[in-house]
Amino acid sequence: MFKQHLAGVTGFDAYLILSLLIFLLFFIGIAVRLFFFDKKEIEYLKNIPLDKNFDN
Amino acid sequence: MEQTTVLTAPMAAKEMIEKRVEQFEYDNTSVRNFGLATLIFGLVGMLVGLTVALQLVFPVLNFDLPYTTFGRIRPLHTNAIIFAFVGNGIFAGIYYSLQRVCRTRMYSDNLSKIHFWGWQLIILSAAITLPLGITTSKEYAELEWPIDIAIALIWVVFGINLIGTIIKRREKHIYVAAWFYIATFVTVAILHIFNSFAFPVSFLKSYSVYAGVQDALVQWWYGHNAVAFFLTTPFLGMMYYFLPKMANRPIYSYKLSILHFWTLIFLYIWAGPHHLLYSSLPDWVQSLGVVFSVMLIAPSWGGMINGLLTLRGAWDKVSEDVTLKFMVVSLTAYGMATFEGPLLSLKSINAIAHFTDWVVAHVHVGALGFNGFMLFAIAYWLVPRLYNTNLYSKSLASVHFWLGTLGILFYAIPMYWAGFMQGLMWQEFTPEGVLRYPNFLETVTRVIPLYAARSVGGTFYLAGFLVMLYNLAKTAQKGSFLANEKTEATVYTKIDHKGEYWHKVFENRPILLMISSLIVVSIGGLVQIIPTLLIKSNIPTIASVQPYTPLELEGRDLYIKEGCNNCHSQMIRPFRSETERYGTYSKSGEYIYDHPFLWGSKRTGPDLMRQGGKYPHAWHYFHLRESTSMSPGSIMPNYAWLLENELDISNTQAKMKVMKSLGVPYSDTRINNARNELKEQADAITANLKAEKIEVKPDREIIALIAYLQRLGTDVKKE
């Protein structure tokens, strides 16, 4: 659509690829971080709203 | 106030752990105040909503008054629901949950008060200015510049109070709910500031610094992310606090909450351009919007699934506990809306759905279902706790639940039907190759019964809300308000060999979180918007496109004032069905002098992009005075006051000067001569009307509006 622009606006494919690449790296980064998350800490964090951590 | 029990134990040679029990009080007054404002403005917003819905069925309900016409009060409805009802609701939820997950009182009682009263004053100023027609025309950002500045200031007050509370917390970790609140604060601040850049003409009038395509892109970058960061992230944050409390069990997966938090805030910011598919926006930006919108389904459903799975093994509770019922429907509605969003962003579906009531249905599944029901769940859970009592009536709450649920269905189904039907009618051709419904009005009259059905749905929803108000008032009456809730928290402090508290490391975390959120949400904006700003030089300029004349400029401001853009688009998509109906499709070069853009997002009336020259002046005169005189069956309000009101030209030159500073090529000579030029054009229109036996003074508002309408889309015809 709108070939009239696109003819004049070149090189923007790179933005699409770049955007997806940035996201992929970002996602992998978080996934890796989560994989190594300490289980005890997760249990603790989960229970913050329930006051269970403070029953001692 | 503070009781300290010191139990020091050796950890390592040079480390000690100090354990203290601190007593303090939670501030419930701010929570109650914001909660009360939520209920009051919820009622107002819904009443206005029902009124605008009924206006489409019974145009007489426009009351032939400028202040009550659809174009002016539809923004009042959206602003009241988003900023007054939902806004106060999220503040109530945040103020309650944040104190508890941080185990501390809010950072500053004074800031809480300034935040509360400042926000209510902003709402009040919106309620006054919008019916007066003081508007920027940009959707969900209609308020004029002084109010915009006030919003920014109060938002910063909220931000300081939020971050300050997190910094002074007693809980060493920052619970995920607070992450969502931090992202909300940071992103809304950026969106609001960048979208509100405007050049003031006078105290209550300004022009957007962006024009045409750029303005549209920035507006929908804002608009879409207002949905994301005002209507979604704070609600997910509240879900992560209130759902575990209601179900008395921790969230299903904390890891999932982190994963979907970061992916959600990363992806959302890119999705804005899906509001502008098939428009004059460059294709690559549209494609980017579509791709990221489709990807958004994953983190959105991640949140919904995390919420619903929290109830695994506890579904029996749902049948007994009304707060959980509301919560489950809320999350289901969230899941539906976030599944539908990506679908609507697909070009083939968008081609049918855009500009129709399908989008209205989509939005209301989110607003009535997700936002409304979650706020109701929280209200039923919170009010008894704030008033130290039990809910007055569980059965009334159940009645509300069913009225609300049926209300959503009765609202959404007719609107989906209307949208789908009308979208297809606009595209339908006869075997001979001509439009089957060449008269736009015919496609409108066919959906009016569905508008009526939608009003029934809205009435159900409102009735349920009234039942809730009664129930909560009775609950408050039988309890006593707990303004300051006494509590205590155990604080562990590790003292290292330097004698510094490691707690300090965490104190830096909210700032770190804030900066990380800022970076994550900025990436999308930067990649999309910066190149689009560069496009300015790439927009194929159209030599025949010229700035508006002074009279047309004034007419355009009347178009904005009356909110015509709420029902009329100025964007012809490149479909045969649209070019057959309206004329040549819109090109980006046609909008370069449009501060702000007026593409619109909904066609309750036809597109006006190529309105110029389509009908004689006299047709517009009669049509604006009484729409049904020219279009029998039309549901457009009558604008008889335009015939009476004298056109205010005191700012015409100032307006042109501002336009000039924004890059519109008005010469100084032309600006100095503006009043003569305006008068000349007005006289010519008046003379033309006189020839049609219409007596009207040349200095009336209607002349300016006719001048503008007759100019629309004509420049390219001169080529």
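Let's start with the largest pocket. It holds about 820 Å³ of space. Keep in mind that this is a predicted model.

What lines this pocket? The lining counts 41 residues. Nearest the centre sit His568(B), Gly605(B), Pro606(B), His623(B) and Met636(B). By class, 24 lining residues are nonpolar, 13 are polar and four are charged.

Now the helices around it. Five helices of chain B each give at least two residues to the lining of the largest pocket: H2 (70–102), H16 (440–445), H21 (576–582), H22 (617–625) and H28 (701–711). Which one supplies the largest share? That is H22(B), with four residues.

Next, the surface of chain B. There is a nonpolar patch here, built from Tyr252(B), Val294(B), Trp301(B), Ile305(B), Leu309(B), Phe339(B), Leu343(B) and Leu346(B). Together these residues have about 600 Å² of accessible area. Helix H10 (297–310) and helix H12 (322–344) of chain B each bring at least two residues to the patch. H10(B) has the largest share, three residues.

Last, chain A. This chain has 56 residues, and 34% of them count as buried. It has three helices and zero strands. Along the sequence, the pattern reads α-α-α. Chain A exposes about 3,700 Å², and carbon and sulfur atoms supply 68% of that area.

Notes
Residues are numbered from 1 along each chain as its sequence is written. Chains are lettered from A and ligands numbered from 1 in the order in which they are written. This is a predicted model: local features need pLDDT of at least 70, side-chain atom pairs count only at pLDDT 80 or more; totals for chains, interfaces and linings use all residues. Side-chain values use heavy atoms; hydrogens and water are left out. Buried means under 20% relative accessible area, exposed over 50%, partly exposed in between (1.4 Å probe, protein chains only). Accessible areas come from the Shrake-Rupley method with a 1.4 Å probe; for residues, only the protein chains shown count as cover. On a 1 Å grid over the protein atoms alone, a cavity is a set of points where a 1.4 Å probe fits but cannot get out, and a pocket is an open set with protein on both sides within 12 Å along at least five of seven lines; lining residues have an atom within 4 Å of a point. Grid points are joined across faces, edges and corners, and a volume is the space filled by probe spheres set on the points. Ala, Val, Leu, Ile, Met, Phe, Trp, Tyr, Cys and Pro count as nonpolar, Asp, Glu, Lys and Arg as charged, and the others, Gly among them, as polar. Patches are made of residues with over 30% relative accessible area and no salt bridge: like charges are joined within 9 Å, nonpolar side chains (Val, Leu, Ile, Met, Phe, Trp, Tyr) within 5 Å. A salt bridge is a side-chain nitrogen of Lys or Arg within 4 Å of a carboxyl oxygen of Asp or Glu.
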